[in-house]
Amino acid sequence: MLTIGQVAAHLGVTVRTVRHYHQRGLLPEPERDASGYRRYGADAIVALVRIRTLADAGVPLARIEGLMRASAEEFTASIAAIDTELAAQVAELERRRERMAELAAGERMFLPEEVVVLLDRLREAGLSPQSVRTERDTWILLVAQYADQVPGWALRKRALFEDPAFRRLYLTVDRAAGWDRDDPRLEPLADEVNAFGGLRAPEAESGAGAGAPAGTGTGERGGGGPVLALDALVAVTLMAAQTGRPVPAWERLIELCRTRATPA
């Protein structure tokens, strides 16, 4: 005959756990000896071992009571059903792990590889994190509307960044986001943009096609379709305004580019 402390130690649990089994009705309270201590006989210890084994296997306590009273056939069928449920839970956990791995992959989860490479190129070139995030969000919107065309557009825009003049101008415009709306540097910057190609609707670009996003031209200046260095700026500015993060200096720069442009 063992005390509750001895039984708990044998099972590798706490005395509180054994008492909890009593409270849940999984095990009848044993008789007490003359000193008032619970004394557990062989039957109680076997029952506790079965309860603990089932609990360690993942069987809910609410179902253990029924299993303890089940016939051999009922016990086998119940265990098979529980095993099926556990397999489904394992599959769900694996699915969640895969989802977490996708989240760890960052932008590759929701953008084509061509766009991911482009965003990496923008970071490498020195574009500000805020501008990279805004461009990323713009590409996400484009993917939702033009999934088949986005990879080609991203490849063309990446090719533009191999042009040092385009890259320098793009980064200058990025830095201009921190300028005041009336900053005098915006006027010469607008002239530089216009000298490079100016601002046009993306449909006007040769090689990009109707509906193409900002800055996705062929990379050729003149000859029926100059590179429009700040077409991307137009899209990003609209995106910023819609998300409550307008950029006054960019808005003013777009106005200056349009008003200071010379007729082609």
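This is a predicted model: local features need pLDDT of at least 70, side-chain atom pairs count only at pLDDT 80 or more; totals for chains, interfaces and linings use all residues.
Phe-161 is buried, and Tyr-170 is buried as well.

Over the whole structure, a search turns up four aromatic pairs. One of them is Tyr-146 with Trp-153, also described as edge-to-face, at 5.5 Å between centres and 65° between planes. Tyr-146 counts as partly exposed because its relative accessible area is 27%, and buried requires under 20%.

Now the core. The largest nonpolar core has 34 residues, and those touching the most other members are Val-115, Leu-119, Leu-122, Trp-139, Leu-186, Leu-189 and Leu-253. Six helices each supply at least two residues of this core: helix 6 (113-125), helix 7 (129-146), helix 8 (150-160), helix 9 (164-176), helix 10 (186-196) and helix 12 (248-260). Apart from this core there is another, of 21 residues, including Ala-8, Leu-11, Tyr-21 and Met-68.

Take Leu-189 on its own. What does Leu-189 contact, leaving aside neighbours within four places in sequence? The list is Leu-169, Thr-172, Val-173, Ala-176, Trp-179 and Leu-253.

Trp-179 has one further entry. The charged end of Arg-185 sits over the Trp-179 ring, 4.0 Å from the ring centre.

Notes
Residues are numbered from 1 along each chain as its sequence is written. Side-chain values use heavy atoms; hydrogens and water are left out. A nonpolar core is a set of buried Ala, Val, Leu, Ile, Met, Phe, Trp, Tyr and Cys residues joined through side-chain atoms within 4.5 Å. Buried means under 20% relative accessible area, exposed over 50%, partly exposed in between (1.4 Å probe, protein chains only). Helices (H or I, at least four residues) and strands (E, at least two) are DSSP runs, numbered from the N terminus. Contact means heavy atoms within 4.5 Å. Rings of Phe, Tyr and Trp (its six-membered ring) pair if their centres lie within 6.5 Å; planes under 30 degrees apart count as stacked, over 60 as edge-to-face and the rest as tilted. A charge sits over a ring if NZ of Lys or CZ of Arg is within 6 Å of the ring centre and within 35 degrees of the ring normal.
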